[in-house]
Amino acid sequence: MLILKKFLRDIPAVLGFVIIALVIIIALASPLLVPDRSVAFDSNILARLQPPSAEHWFGTDNLGRDILARVILGTRGALMIALSVVGLAILIGVPLGLVAGYKGGLLGDLIMRLTDVFLAVPQLILAVALAQLLSRGITSAMLALALTYWPFFARTVYGETRRVRTALFVEALQGLGAGDWRIMLAHVLPNVASPVIVRATIGMGFTILTAAVLGFLGVGATPPDPDWGLAIAESREYLPEHWWFAAFPGLAILITVLGFNLFGDGLRDLVDPKLRRSR
Amino acid sequence: MEPVLSIRDLRISIPTDEGSAQILDHVSVKLEKGRIVGVVGESGCGKSTLIRAILGILPNQTQIESGVILFNGRDLLQLPKGVLNKEIRGRAIGFIPQDPYLALNPVFRVGTQLLEILRAHGMPGEAPPKKFDRRTEARYRAHLVGLLKAVQVPDPETTLERYPHQFSGGQRQRVLIAAALACRPEVILADEPTTALDVTTQLQILKLLKDLVGEFDVSMLFITHDFGVVAQLCDEVSVMYAGQTVESGPTRAILDDTRHPYTQALIGCHPDRAVDIAGIPGQVPSPLAPPPGCRFHPRCDHAMAKCISERPALQALGANRQRVACTLYDGAVD
């Protein structure tokens with residue numbers, strides 16, 4: 001497979017792929033890695049704020065909970081958020097972009113102007129406002145992120161659909177008696193899939209980061225959830241002397257986001273040769 | 001004989017920012033069973049619009065001002081979209097698009113795309129399949145292999161498993177011809193199917209089309225800008241200029257006894273026929289502001305006052321069913 005060979009030569013992308021694979025494995029295997037969940041949830045005041053040691057590799061937090069265990073348990077939450085936010089954003093954005101690009105006209109303009117309005121407001125602020133309006137918790141954070149992320153998919157798909165729509169094969173399909181929905185879903189969609197996949201991959205990293213920010217600002221996950229962003233928020237008062245409290249959840253965010261971004265960049269290079277980095 | 005497809009007095013305009021563009025004006029074409037009718041004209045004369053009008057795939061804002069498109073007695077312009085999709089497009093009327101490099105979806109195998117036509121319309125003479133199981137698929141595939149053999153694609157079985165980019169232009173055009181024939185249509189509309197191909201391939205495809213018309217018992221409307229192609233392929237020809245039909249009739253009659261000054265000029269432009277290529281002075285008029293009367297008069301050597309004031313109607317001339325729209329032949333009886 002030529003495409004696989006090309007991908008394997010792209011070292012950062014392979015690194016990204018390995019990171020993502022590891023993160024997914026950790027998330028799936030978290031019950032095995034942390035067999036005793038009490039170390040992550042039960043407070044143990046006597047053992048609070050201990051530096052990394054043989055017993056607690058990442059140290060303990062202000063309630064004496066094992067940070068390594070909390071980081072591992074947090075992986076599942078982070079991936080869940082990323083997957084559901086990006087999935088929901090695709091479900092909203094892709095059909096809208098497809099219809100707007102294919103049908104055009106007044107309907108298309110209407111959809112795209114709505115998209116512009118969403119894009120005009122900074123995503124984070126909109127998400128904070130939405131999350132604030134809904135009840136506090138992980139679900140409203142996810143909803144808020146999805147509602148602010150779909151315009152990116154709508155835009156991407158709109159542009160690509162406009163390009164494919166004028167292709168002769170679409171006219172040939174019309175001439176063969178194919179209906180609009182069949183052309184859109186069965187023929188245009190596969191042609192616009194690759195930029196959507198690239199966007200989705202990069203969006204996963206971005207969403208994990210934004211979800212952590214929401215957690216940090218106190219509109220995302222609620223204690224005692226082992227959320228990475230929440231952990232950093234809780235660690236603020238203990239910096240800089242108890243650095244491990246913030247550093248390890250922070251590293252978890254950094255590495256995961258880096259993994260998705262590297263992999264996403266690599267995918268984009270494969271899919272779109274025009275954007276390929278010079279090397 | 002009653003024609004299979006008959007277009008009468010079709011007038012089509014498209015509103016633009018600079019006003020209404022008159023794309024087709026009093027176009028009349030008749031296609032009889034088993035015949036090949038060529039529609040010839042320069043780029044922008046409305047040939048492709050004519051085909052899109054028959055299939056009903058014109059841009060949304062297009063206005064059909066008058067005219068009928070009768071297909072076996074039914075006016076296609078009056079049929080709802082659902083009926084067109086189910087009974088006409090791809091089923092009763094096949095369409096061969098212009099550029100074989102662009103007319104296939106690049107992300108699907110050729111077989112998938114051909115199967116899709118049969119899944120939507122059913123095998124010739126059958127209803128669309130209720131369920132699409134392995135046996136149906138095998139039967140459809142066998143039908144497709146037969147079709148690909150008929151259009152002389154080497155190795156039809158492997159062809160179905162390949163992607164469009166793995167073929168040459170000529171092969172792809174053959175695949176598209178097979179697609180047009182898949183449901184055994186009565187009429188095939190071919191939109192300059194050989195323009196994007198090189199000369200040798202062009203000749204093969206023309207020969208193939210001519211054979212297929214006999215073999216599959218279809219009639220064909222063939223759009224081209226090349227009188228040489230018309231001479232080789234078509235039984236009858238209809239010449240268009242700036243959205244108007246200017247002359248029509250049997251190919252031989254028109255080539256031997258060219259009447260309309262535009263047709264004369266067009267044939268005079270063909271490198272095979274002209275000793276030194278004359279060309280036609282001036283340019284095709286913009287459809288936004290077509291000249292009044294006969295649209296060719298600004299470029300015509302024989303233009304007279306009446307050409308500007310009155311649009312000449314198509315009139316029969318001679319015994320050969322030749323018809324011409326030109327003031328020169330007013331009241332002429334030969």
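From the N terminus onward, the elements of chain A follow the order α-α-α-α-α-α-α-α-α-α-α-α, and in this predicted model the chain holds 12 helices and zero strands. Its C-alpha atoms occupy a box of roughly 75 × 45 × 30 Å along the principal axes. Of the 279 residues of chain A, 46% are counted as buried, and among the contacts that join residues at least 6 apart in sequence, 71% link residues at least 24 apart.

The buried residues of H2(A) are Ala13(A), Gly16(A), Ile20(A), Val23(A) and Ile26(A); because they cover an arc of only 150 degrees around the axis, they lie on the same side of H2(A). These buried residues pack against helix H1 (2-9), helix H3 (30-33), helix H5 (67-103) and helix H12 (244-271) of chain A, whereas the face of H2(A) turned away from the buried side carries the exposed residues Ile11(A), Ala21(A) and Ile25(A).

Between the two chains, 15 residues of chain A are in contact with 19 residues of chain B. On the side of chain A that touches chain B, helix H9 (168-175) and helix H10 (180-217) each supply at least two residues, with H9(A) giving the most, namely six residues. By residue class, this side of chain A divides into seven nonpolar, seven polar and one charged.

Note on methods: Residues are numbered from 1 along each chain as its sequence is written. Chains are lettered from A and ligands numbered from 1 in the order in which they are written. This is a predicted model: local features need pLDDT of at least 70, side-chain atom pairs count only at pLDDT 80 or more; totals for chains, interfaces and linings use all residues. Two residues are in contact if their C-beta atoms, placed from the backbone, lie within 7 Å. Helices (H or I, at least four residues) and strands (E, at least two) are DSSP runs, numbered from the N terminus. Ala, Val, Leu, Ile, Met, Phe, Trp, Tyr, Cys and Pro count as nonpolar, Asp, Glu, Lys and Arg as charged, and the others, Gly among them, as polar. A residue is buried if 20 or more other C-beta atoms lie within 10 Å of its own, exposed if 12 or fewer, and partly exposed in between; C-beta atoms are placed from the backbone. The arc is that of the directions from the helix axis to the C-beta atoms.
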